[in-house]
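Thanks for making time. Please bring it up.

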Amino acid sequence: MSTTANNKSTGAAHSHAASPSKSNTATGRNKSAAGSKAGDSKLEEFFHDEIKDIYWAEKKLVQTLPKMAKAATSSELKNAFTEHLGQTKEHVARLEHVFELLGHKPQAKKCDAMKGITEEGASIIEDTEDGTSTRDVALILAGQKAEHYEIATYGGLAQIARTLGHQDVAKILETTLKEEKETDQTLTQLAETSVNNDAGAE
Ligand SMILES: [Fe+2]
Ligand SMILES: [Fe+2]
């Protein structure tokens, strides 16, 4: 039972540690969303890490999409992959802008998921015959797996960006998200309107 005299504090002095100088942030709105670095929150660090991951994935796709276009049988599918290659290069550039807005240098961190998806895509090419529609069915399947990974990633990251107050970053991520969804739809249309039937007849 140690009841010190202090415990009986006189109402007014109820302060827990009256911090000597809380004037450092006196200017108020000083929480620069742009320049987040060392003292970042756990969520901020996690977010930054995931941006590195999707940056790696996008760069990997810049290498992979030309191979997919080359391997495709139908000119429509070739065009779809080639067009998305152009967009994907934009996605890389946008992420570099995101790093800049976050106050970091662009840095890639190996994305095991995209590594696996692209490896599977490569083996799909090997396992199907050149010049067939079955090859195209396989390429569409592989392509959509990559797109869905991107859709999940960008959707989630845009939401986290909003939570962190990075509205500008969220908008950039959502622009890319929209293009990933459109590509996914293009691939679905190709499968449904021609490629799958052609392959069924082989
Ligand atoms: Fe992308
Ligand atoms: Fe994509």
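The crossing of α4 and α5 is left-handed. This is a predicted model, so treat everything I say as computed from it. Helix α4 covers residues 133–163 and helix α5 covers residues 167–200. Their axes come within 8 Å and cross at roughly 160 degrees. An angle over 145 degrees counts as roughly antiparallel, and α4 and α5 are therefore roughly antiparallel to each other. As for what lies between them, the residues of the α4 and α5 contact divide into 16 nonpolar, 10 polar and 9 charged.

Now a step back to the chain. It has 202 residues, and 29% of them count as buried. The secondary structure comes to 5 helices and 0 strands, so from the N terminus on the order of elements is simply α-α-α-α-α. Take the contacts between residues at least 6 apart in sequence: 76% of them join residues at least 24 apart.

Next, the other end of the chain. How do α1 and α2 pack? Their axes are 9 Å apart, at an angle of about 160 degrees.

On the α1 side the contact is made by F47, E50, I51, I54, L61, M68 and A71. On the α4 side it is made by R135, L139, G143, A146, T153, L157, I160 and A161. By class, the residues of the α1 and α4 contact divide into 11 nonpolar, 2 polar and 2 charged.

Which residues have the most contacts inside the largest nonpolar core? They are L77, L139, A161 and L173, in a core of 37 residues. Helices α1 (42–71), α2 (75–102), α3 (112–127), α4 and α5 each supply at least two residues of this core. Helix α4 gives the most, with 10 residues.

Leaving aside residues up to four places away in sequence, L139 touches M68, A71, A72, L77 and I124. L139 and two of the residues in that list, M68 and A71, also belong to the α1 and α4 contact.

The other is A161, in helix α4. Is A161 buried or exposed? The cut-off for buried is 20 or more other C-beta atoms within 10 Å; A161 has 24, so A161 is buried. With residues up to four places away in sequence left out, A161 touches F47, H166, V169, A170 and L173. Of these, F47 is on the α1 side of the α1 and α4 contact, and L173 is another of the residues with the most contacts inside the core. The C-alpha atoms of A161 and H48 are separated by 9.9 Å, although these residues are 113 apart along the chain.

To close, back to the pair I began with: α4 and α5 are roughly antiparallel, and their crossing is left-handed. I can take questions now.

Terms used: Residues numbered from 1 in each chain as written. Chains lettered and ligands numbered in written order. Predicted model: local features only at pLDDT ≥ 70, side-chain atom pairs only at ≥ 80, totals over all residues. Axes fitted to C-alpha atoms, helices over the stretch in contact; angles between N-to-C directions. Helix = DSSP H or I, 4+ residues; strand = E, 2+ residues; numbered from the N terminus. Parallel < 35°, antiparallel > 145°, perpendicular 65-115°, else oblique. Left-handed = near helix turned anticlockwise from the far one by under 90°. Nonpolar A, V, L, I, M, F, W, Y, C, P; charged D, E, K, R; others polar. Buried ≥ 20, exposed ≤ 12 C-beta atoms within 10 Å, placed from the backbone. Contact = placed C-beta atoms within 7 Å. Core = buried A, V, L, I, M, F, W, Y, C linked by C-beta atoms within 7 Å.
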